[in-house]
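Dear colleague,

I am passing on the structure we spoke about, with the sequence alongside, and below it you will find some notes on what came out of going through it. Please read them with the structure open.

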Amino acid sequence: EMQEDAGAASGGGGSKKVKGRGDAMDVETRGRYGGKSGVFESLATTEGPGPQRSVEGWLVFATSVHEEAQEDDVHDKFADYGEIKNIHLNLNRRTGFLKGYALIEYETFKEAQDAISALNGTPLMGQTMAVDWAFSKGPLRAKNSTRRRTSPSKSSRH
């Protein structure tokens, strides 16, 4: 009896025992769970990066929106490029002013693309907005970052 236990403990011929949750590919647990646990559905993707459609439409993200802008101001600005399905303007609870961004939803890709092309870099109530896709698939395209990357230079050390 002692010989068999010693042989199993030293790895001689028995299956590997792991304490805790164990190995996911362990023979014991492989057949334990039926179904498709951990397997998720995915939408068909087209090749390459680009804009991603939301569940209901094409979302455009406008940043640097003036804090005193109202929903009508944003709607009037974006309505020239297609029928707007929905607008989200989040307010700061403390001040009651706009947080500085808006989400505008269009039914078609062309309407959203036209709005982005025409309104990116244009002013609303004297403040220049940045307008782009709210969702994108794949790696983000390279943009000129406004954030400066600084690293200590050797010449500045004394």
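**Histidine 66 and its surroundings**

Apart from neighbours within four places in sequence, histidine 66 is in contact with Leu98, Leu124, Met125 and Gln127. Please keep in mind throughout that this is a predicted model. Histidine 66 sits in the loop between β2 (58–63) and α3 (71–78), and its side chain reaches the backbone nitrogen of glutamate 68 at 3.0 Å. Is histidine 66 buried or exposed? Its relative accessibility is 18%, and because the cut-off for burial is under 20%, histidine 66 counts as buried.

**The chain as a whole**

The protein has four helices and eight strands, which follow one another along the sequence as α-α-β-β-α-β-β-α-β-β-β-β. Of its 158 residues, 21% are buried, and the accessible surface comes to about 12,900 Å², with 50% of that belonging to carbon and sulfur atoms. Among contacts in the protein with a separation of 6 or more, 66% are between residues 24 or more positions apart.

In soluble globular proteins, nonpolar side chains tend to be buried together. Here the largest nonpolar core has 22 residues, and those with the most contacts inside it are Val60, Val65, Val74, Phe78, Ile104, Tyr106 and Val131. At least two residues of this core come from each of β2, α3, β3 (84–91), β4 (98–106), α4 (109–119) and β7 (130–133).

**Helix α4**

Which residues of α4 are buried? They are Glu111, Ala112, Ala115, Ile116 and Leu119, and, seen down the axis of α4, these buried residues fall within an arc of 130°, so they line one face of the helix. That buried set packs against β2, α3, β4 and β7, whereas Lys110 and Ser117, on the other side of α4, are exposed. Just after α4, glycine 121 takes a positive phi of about 90°.

With best wishes

Notes: Residues are numbered from 1 along each chain as its sequence is written. This is a predicted model: local features need pLDDT of at least 70, side-chain atom pairs count only at pLDDT 80 or more; totals for chains, interfaces and linings use all residues. Side-chain values use heavy atoms; hydrogens and water are left out. Buried means under 20% relative accessible area, exposed over 50%, partly exposed in between (1.4 Å probe, protein chains only). Contact means heavy atoms within 4.5 Å. Accessible areas come from the Shrake-Rupley method with a 1.4 Å probe; for residues, only the protein chains shown count as cover. A polar contact is a pair of N or O atoms within 3.5 Å; within protein, one must be able to donate a hydrogen and the other to accept it, and residues adjacent in sequence count only if both atoms are side-chain atoms. A nonpolar core is a set of buried Ala, Val, Leu, Ile, Met, Phe, Trp, Tyr and Cys residues joined through side-chain atoms within 4.5 Å. The arc is that of the directions from the helix axis to the C-beta atoms.
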